[in-house]
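Student: I am new to this structure and would like a close look at a single part of it. Please show it to me first.

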There are 2 protein chains.
Amino acid sequence: MQLQVLLVAGTHGNEINGIWLFDEWNKSSFLINTYGIKTFRVIGNPEAKKAGKRYIHHDLNRSFQEELFLTRNSSNFEVSRANELVNLFGQTGKNPCQIALDFHTTTASMGSCLVVYGRRDADLALASLIQNELGLPIYLHESDQKQTGFLVESWPCGLVIEIGPIGQGLLNSRIISQTKLILESLMEQIHQVKNLNCFFPEKLIIHRHIKSIDFPRDEQGNIDGYVHSRRQSKDWQELKKNDELFFKLNGETIRFEEDESYVPVFINEAAYAEKNIAMSFTKRELWDFKKEWKQSLIDVVHQK
Amino acid sequence: MQLQVLLVAGTHGNEINGIWLFDEWNKSSFLINTYGIKTFRVIGNPEAKKAGKRYIHHDLNRSFQEELFLTRNSSNFEVSRANELVNLFGQTGKNPCQIALDFHTTTASMGSCLVVYGRRDADLALASLIQNELGLPIYLHESDQKQTGFLVESWPCGLVIEIGPIGQGLLNSRIISQTKLILESLMEQIHQVKNLNCFFPEKLIIHRHIKSIDFPRDEQGNIDGYVHSRRQSKDWQELKKNDELFFKLNGETIRFEEDESYVPVFINEAAYAEKNIAMSFTKRELWDFKKEWKQSLIDVVHQK
């Protein structure tokens, strides 16, 4: 069976640049070079797109959990949609795909980056190829019990691509160009793996998720301080003890008080306020590339 | 009767920085200096705020039209709300206010600016005072039959304050600081007018609305080109013949072809795509300050 890749945009309905790129691609099939690889491209959450919202009932990118599918709660649009996407494009689905690439945008100043969920060998191998090619940072999201059920985890190999900063519901030339570039680079690298003609780096830089922190809140639970102007838009930049974190309008600056230093990401992502996340802290680490990652990706692509 | 000023934030429910500032102000009454002037502060569209949307049924800031009130369409939330605000704070309302200040944000790179609807003398006088104090540009919105029913028009004097760029639903330190600064500056100037101790400039710079242009669209009416990277975020900067306007993914650049040059504003405001507005064109003009503007503002403040 030939390799098939699932491409998803609009998993969040108000992240519209990828959706728009896919729409244009549907009009002119040569817009994106897929290197002859069969792709299926879908709008993750078309209902939320119509409504101009992130989701209707529940974050689709937290809905890919078997226990949710089993309850078959058809009144929850996103759980039904997650189930539908797995039935259509999952490994035992109608159009089985081996790799899923999920294109997102963020209001945080993340530039372009890759998000890897857990430490699956094939994911790390594919992310390494892209980091080697484009220099993109990799955010390893793991050990977060509150955030689970991500789309890409339902496929043997999958990455999230995050590009920002961009407001929700806003089309932007830079974001579209970056999305197109990374999509084509991913297809090129997958093509090279298919041809066993790929070059893996010896090292990769990982930003490993440690924890998330909330905004300052008042007694009623309302946010009563915002990200300090000296921290706003400083994603990927080290946060050290006594650095400014939040500011309250009574003049109080809330500083970072831990001895340990971190690299914050997703600073002031608009959609995370409801998840009680003002930003996430990572550790920047240099990892050795492992041979088994390469083999795992080759196995996925060649469906061994 | 003493002077009363109506302050509105969240006329659009997803423009949250002003709402947040008002909430904090409610907690600490000394946060904003109103120079002893009685103010009423309200969330324009609290239902839309809850829903995280610009509006529920209809743009509230296009709903202040008598013919809409007369139909008393109570199933339209915004028309009811507009009617309610006029009944509560209008000139013949329960808490009559003479001036309305309406705080907005935009996804366009407008910086801080004032919007004046039509050429009411008192509006132009108050805007002149702020331009003289803070140097803010003034956008004179007029002669646009498609856009009517603005909130401030229901009060004897009223200005819209627009601050950007900021994504919808996103709290930002810079936007909050700018909102607070302009609010205090407005209150200070109104206080000076009340004390007949105000200094009006001899000239003011007006950006007079000429027309709006739409995005390029395909045969189905879908947007098929975005604002060109060389025009994105270039609000207030002159657009001349042959300058880049839009870009299509087939490689086509759409240039500005008129001989006349303009100053574009509200370039790529996310909420205007549905109104078929990619940007608006203005003419930058130097106007002489007229004595009758001053008298009109004094009359409003002193309720003559």
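Student: In which crossing, left-handed or right-handed, does α1(B) pass α6(B)?

Tutor: This is a predicted model, in which local features need pLDDT of at least 70, side-chain atom pairs count only at pLDDT 80 or more, and totals for chains, interfaces and linings use all residues. Residues are numbered from 1 along each chain as its sequence is written, and chains are lettered from A and ligands numbered from 1 in the order in which they are written.

α1(B) passes α6(B) in a right-handed crossing (the near helix is turned clockwise from the far one by less than a right angle). In chain B, helix α1 covers residues 17-27 and helix α6 covers residues 173-194; helices are DSSP runs of H or I with at least four residues, numbered from the N terminus. Their axes lie 9 Å apart, at an angle of about 65 degrees. Axes are lines fitted to C-alpha atoms over the stretch in contact, and angles run from 0 to 180 degrees between N-to-C directions. α1(B) and α6(B) are therefore roughly perpendicular to each other (65 to 115 degrees).

On the α1(B) side, Asn17(B), Gly18(B), Trp20(B) and Leu21(B) take part, and they meet Ile175(B), Ile176(B), Thr179(B) and Lys180(B) of α6(B); contact requires C-beta atoms, placed from the backbone, within 7 Å. The residues of this contact divide into four nonpolar, three polar and one charged. Here Ala, Val, Leu, Ile, Met, Phe, Trp, Tyr, Cys and Pro count as nonpolar, Asp, Glu, Lys and Arg as charged, and the others, Gly among them, as polar.

As for chain A, its secondary structure comes to seven helices and twelve strands (strands are E runs of at least two residues). The C-alpha trace of chain A spans about 65 × 45 × 40 Å along its principal axes.

Note on methods: Angles under 35 degrees count as roughly parallel, over 145 as roughly antiparallel, 65 to 115 as roughly perpendicular and the rest as oblique. Two residues are in contact if their C-beta atoms, placed from the backbone, lie within 7 Å.
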